[in-house]
Amino acid sequence: MLTTPVIRALRRTMPDARLTYLVEPSAAPVVARNPHLDDVVVSPLLGGAARLREDARLALHLRRQRFDAVLDFHGGPRSSLLAWATGAPVRIGYTIAGRSWMYTTRIARPKGHRPRHSVHNQWDLLQALVPGAPAPDPAADPVEMVEDPSAMGRMASRLLAWGMQPSHRLVVVHVGAGNEFRRWPEAAFADVVGHLTAADPNRRIILTTGAAQAARAEEVKRLAIGRGVDAASVVVACDLDLGELRSLVARASLFIGGDSGPAHIASTTRTPMVVIFGPTTPQVWGPWRDPAVPTEIVDVGPLPCRPCDQRVCEPGDFRCLRDIRPEAVVNAAARALTRDRVRDR
């Protein structure tokens with residue numbers, strides 16, 4: 001997602017170029033309909049001998065395209081090897097021990113916890129290809145994901161099945177996270193759901209997460225019902241694909257969630273957002289979107305151990321998350337919605 005501002009800037013600075021994007025299936029919906037790309041190559045991530053055969057086939061295909069330049073935004077072993085395999089005379093990537101030789105131009109990647117947004121890191125590769133390219137600006141080059149019409153249709157059917165009416169104001173609350181360092185407590189999410197539904201009976205809360213975190217979403221719903229929330233006001237959705245999630249958020253009046261991929265997908269819409277940060281910081285991973293769109297950040301503030309590498313919680317109690325009070329998120333939601341009403345006038 002955070003490479004899409006560079007795609008837009010590449011098209012603007014090199015309008016006659018043919019731009020091809022190589023991606024694995026899980027992230028392909030992000031760029032599948034990007035208007036600035038000419039081609040999207042989707043390569044399955046296989047295992048064992050099948051992976052070797054696929055990578056050999058893909059390397060031959062890429063080499064036959066006779067690319068003039070390659071930008072490796074990922075820097076992993078597979079992406080760097082495929083960049084080298086293209087044979088492109090210009091191959092730009094980050095300085096990485098053991099793999100830098102695969103690039104013709106190497107860019108230093110910031111180390112440690114520098115307060116520098118990830119988009120700036122991606123932009124370094126663009127500026128190596130296009131010297132003098134202007135600095136990144138979220139107003140001019142926000143993250144981008146074009147809505148999929150088929151996903152819109154599927155989402156409309158889901159909403160109808162959930163009993164959603166045009167008068168209902170949808171709030172998407174993403175409660176999932178890939179690791180425990182980003183999991184705000186279920187009870188805290190339930191408190192927020194309780195506050196939001198009490199303030200507006202027409203609100204309908206949709207708890208989203210991946211299938212692996214389904215039990216977590218169900219627990220948030222159970223706790224919310226225990227706080228007096230009508231069960232019909234809360235829906236659990238754990239099987240949305242990326243296109244459906246983007247379509248859902250675009251229809252919502254508010255998105256709430258932690259620092260995660262879904263938050264960056266939400267950033268591609270005009271929907272107000274509240275993003276909860278624990279061990280990470282918004283200076284590096286904050287939503288990269290038009291500043292005019294209401295976006296609220298909630299975090300615990302300075303801590304000696306924050307930011308961290310998310311391997312071991314040094315204090316042992318995940319205080320960067322657990323010390324964020326539900327009231328702070330509720331107040332941030334109120335500010336975002338108020339800003340949105342003012343913006344629409």
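**Charge, fold and a few residues**

The protein carries 44 positive and 35 negative side chains, with the centres of the two sets 3 Å apart. Lys and Arg count as positive, Asp and Glu as negative, and His and the chain ends are not counted. Each charge is placed at NZ of Lys, CZ of Arg, CG of Asp or CD of Glu.

Before going on, some ground rules. This is a predicted model, where local features need pLDDT of at least 70 and side-chain atom pairs count only at pLDDT 80 or more, while totals for chains, interfaces and linings use all residues. Residues are numbered from 1 along each chain as its sequence is written, and side-chain values use heavy atoms, with hydrogens and water left out.

Now the fold. There are 13 helices and 11 strands in the protein, taken as DSSP runs numbered from the N terminus (helices are H or I, at least four residues; strands are E, at least two). The radius of gyration is 21 Å, close to the 20 Å from the globule rule for 345 residues, so the protein is as compact as a globular protein of that length. That radius is taken over C-alpha atoms, and the rule is 2.2 Å times the number of residues to the power 0.38. The C-alpha trace spans about 65 × 50 × 50 Å along its principal axes.

Of the 345 residues, 51% count as buried. Buried means under 20% relative accessible area, exposed over 50%, and partly exposed in between, with a 1.4 Å probe and protein chains only. Taking contact as heavy atoms within 4.5 Å, 60% of contacts between residues at least 6 apart in sequence join residues at least 24 apart.

Which residues does Ser247 touch? Leaving out residues up to four places away in sequence, Ser247 touches Glu147, Ala151, Met152 and Met155. Ser247 is in helix H9, residues 242-251, and counts as buried at 0% relative accessibility.

Next, backbone geometry. Most residues other than glycine have a negative phi, and most peptide bonds are trans. Arg66 has a positive phi, near 55 degrees; Arg66 is in the loop between helix H3 (48-64) and strand S3 (69-71) and is exposed at 71%. Gln310 also has a positive phi, about 60 degrees, and is in the loop between S11 and H12. The Arg306 to Pro307 peptide bond is cis, with omega near 0 degrees.
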